[in-house]
Structures are given as structure tokens and as C-alpha cells.
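Subject: Structure handover

Hello,

Here is the structure we spoke about, with its sequence. My notes on it follow below.

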Amino acid sequence: MTSDNKLLSVSPSPHIKHPDNTKSIMLDVLIAMLPALIWSVYVFGWRSLSIVVICVASCIAFEYFYQKLMKKRITAGDLSAAVTGVLLAYNLPVSVPFWVPVIGAFFAIVVVKQLFGGIGKNIMNPALAARVFLFCAWPSILGNDAYFAPFTKMSPLAVSVKGLDTVAGATPLASFKTGGISDYSIFDMFIGRIPGCIGEVSAMLLILGGIYLMVRRVITWHIPLSYIGTVALVSFLFPKVESVHAFEFMAMEVFSGALMLGAIYMATDYATSPVSPKGRIIYGIGCGAITVFIRYFGGYSEGTSFAILIMNLLVWYIDMFTRPKVFGKVKAKKVKEKE
């Protein structure tokens, strides 16, 4: 055997290797979300960081102990649980009591992720499913009264901010829901000087993180652009608040709420989104249409979480109808006609 033959090896598929792995991809996602976290600390105070730490620590702990209990391979160190924790925290108001993110972490990791087989096998985004579960279970804690005006500083170690000297503030979407106009400008919404959840307020920094993920090829443009584009188009053609210009209302709908966070960081989840470019565009359009429908006609001012979860359940059908044709494969009907 020559020295050249020693370079040959026989192994099962896949035969094409790539340096990227789960840990490197999740690290990129964490880096992309870091600017929004820094901004949330600046706007809401250090308590937002406390919520993030609790969520991340709880998610990693639940994943580790569940896999240890079930004698499965420990994957708590691949950073996927950490990403789920950050996303869960980003979908919570800074005023939430500390026990709420712990329960949310348990639901996200154990119920939505691990009981379905672990990473890559869950049919819904764990962080979004936990957020909706918490909202339905404790609506008074996560309702409109839970949001505070920007730069309302809160103690990072306060178990609950109830009763503290804080100033509640209606989110822009809550104002639109009642047919009114938000007190905040489009620029405030874009940079993040508005009430809202911990990681959703700064559209600018979320977009910046999305650009980083696209440059790193962690995500593609198909889902974010089709999702945000659909919301923008429908909002422009059918503005809900007639007292403002259609373009202004469209900008307010796009830059407020959890749209940027959902479209860039959660709708693009590998396990719960279509695999083909065509399927991703259909998926994004569906998310956008449902988001606007819930915002306009639903009882809840925000529709991003529900829209993504609904479309998560339709991914299998989208993949089935949009999967590319296998080269050289002939349909059975055509084979029979030839015979």
C-alpha cells in the first residue's frame, strides 16, 4: 500500500464534512443577541440581566438533569439550551417574578424539547411555546400592566417589582389595539426607547444581529424578509389607525413588538422551519399574515408568538409540497403510462 492510499478511508454517510457544529452555530446566535441584551440593561436596568441569567441557568440545569435521569447523552454543553434560555428571557417583561422564568425553562426544555427527543426533534420552538404557556397560565403577570416605561430602573435582586416605585407604560401595540396612537416616535421604536419585553424593544440592534447571522451563514434571508415584508405590506395597504399616514403606521407595526425578534431569531430555528428556500418563503409569508390577523382581530395586541407556533405545526406539510425533485426519479404514474 502506497502512502497515497493511506489518505483513503471508508465510512458511512454523510461524506461531506463541515467545520460548523451545534456549538459553533449556537455561539454565533448568542453573539448576535448580545447587543440587544446590553441595550436592555441600559434601558431597563440590571434586573433584565438577572432574568436572563435565571433563564439560561434553569434551561441548562433542566436539560442536564433530565438527560442524566433518563441516562441519555448529555448535551447541555452544546449551548442550545443557553440559546433557548436567552430567547425565553427576551420574551418576558423585566417586571416578571423570578419563579416565572424557572417554570418557563422547565416547560421549554423538558416538555417541548426533551420529551420529543431532544435537539432537532421538537416540533415547536421551545422558547415561544414556554412564553405562550406562561401567558395563558398567568395572564395578570404577563399582561399590559407588566410593562414599564424605558429607563425605569429596578433592583436586580428584587424577587418581584410589584409595589416598587415604577411607572407602567403601554406598549405601542397596546395603543394600536385600542385604536389610539403611541406616545413614542418611530425613531424611539427603532432604537428601543419603548416599553416591551427584555429583548424585543430595539429593532435596530436585532437587525444588526440578524445581519451578523447572515454573514456567518447561520440563517438565510428567506424567512426574515418574507415575514417582515408581509407584515409591512399588509399594514401599509390596510392601516388600522386612520389618523396616521399608511407608511407611518406600517413603520410602527414593523418596529414595535416582537416582530424583529421572532422573524430573525425564532422563526429561523432549524428544527421548526422548512428546509427549502421556497418553503421558507411560504413559511415566512404565513407567519406574517397570521401575525397581522391576530394584531388586528385577536384579543391580544401581539401575534408573533402565536403565528410562529401555528406555522411550526405546518412545516411538515410545507416541506412535503416544496421539496426539490430528486434527479433521475420518475413518478410511478409516468412509469405505468410508458409500460
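Which residues of H5 are buried? Please keep in mind that this is a predicted model. The buried residues of H5 are Pro126, Ala127, Leu128, Ala129, Ala130, Arg131, Val132, Leu134 and Phe135. That makes nine of the 12 residues, so helix H5 is largely enclosed by the rest of the structure. Its buried residues pack against several other helices: H3 (80–90), H4, H6 (139–142), H12 (259–266) and H14 (304–312).

From its first C-alpha to its last, H5 reaches 16 Å, close to the 16 Å expected at 1.5 Å a residue.

Next, the aromatic rings. The count comes to 11 aromatic pairs. One of them is formed by Phe107 and Phe133, which are stacked, at 4.3 Å centre to centre and 0° between the planes. Phe107 belongs to helix H4 (residues 99–113) and Phe133 to helix H5 (residues 126–137), so this pair ties together parts that are 26 residues apart in sequence. Phe133 itself counts as partly exposed, at 31% relative accessibility. Another pair, Phe293 and Phe297, is tilted, with 5.2 Å centre to centre and 50° between the planes. Both of these residues lie in helix H13 (residues 277–297), four residues apart, which is about one turn of the helix. An α-helix has 3.6 residues a turn, so residues three or four places apart point the same way. Phe293 counts as exposed at 53% relative accessibility, and Phe297 counts as exposed at 62%.

Ring pairs also link Trp99, Phe107, Phe133 and Trp138 into a cluster.

Last, the cysteines. How many disulfides does a search of the whole structure find? The search finds zero. Cys59 is buried, with 0% relative accessibility. Cys197 also counts as buried, at 2% relative accessibility.

Regards

Key:
Residues numbered from 1 in each chain as written. Predicted model: local features only at pLDDT ≥ 70, side-chain atom pairs only at ≥ 80, totals over all residues. Heavy atoms only, no water. Disulfide = S-S within 2.5 Å. Buried < 20%, exposed > 50% of the residue type's maximum accessible area, 1.4 Å probe, protein only. Phe/Tyr/Trp six-rings, centres within 6.5 Å; stacked < 30°, edge-to-face > 60°. Helix = DSSP H or I, 4+ residues; strand = E, 2+ residues; numbered from the N terminus. Expected span 1.5 Å × (residues − 1). Contact = heavy atoms within 4.5 Å.
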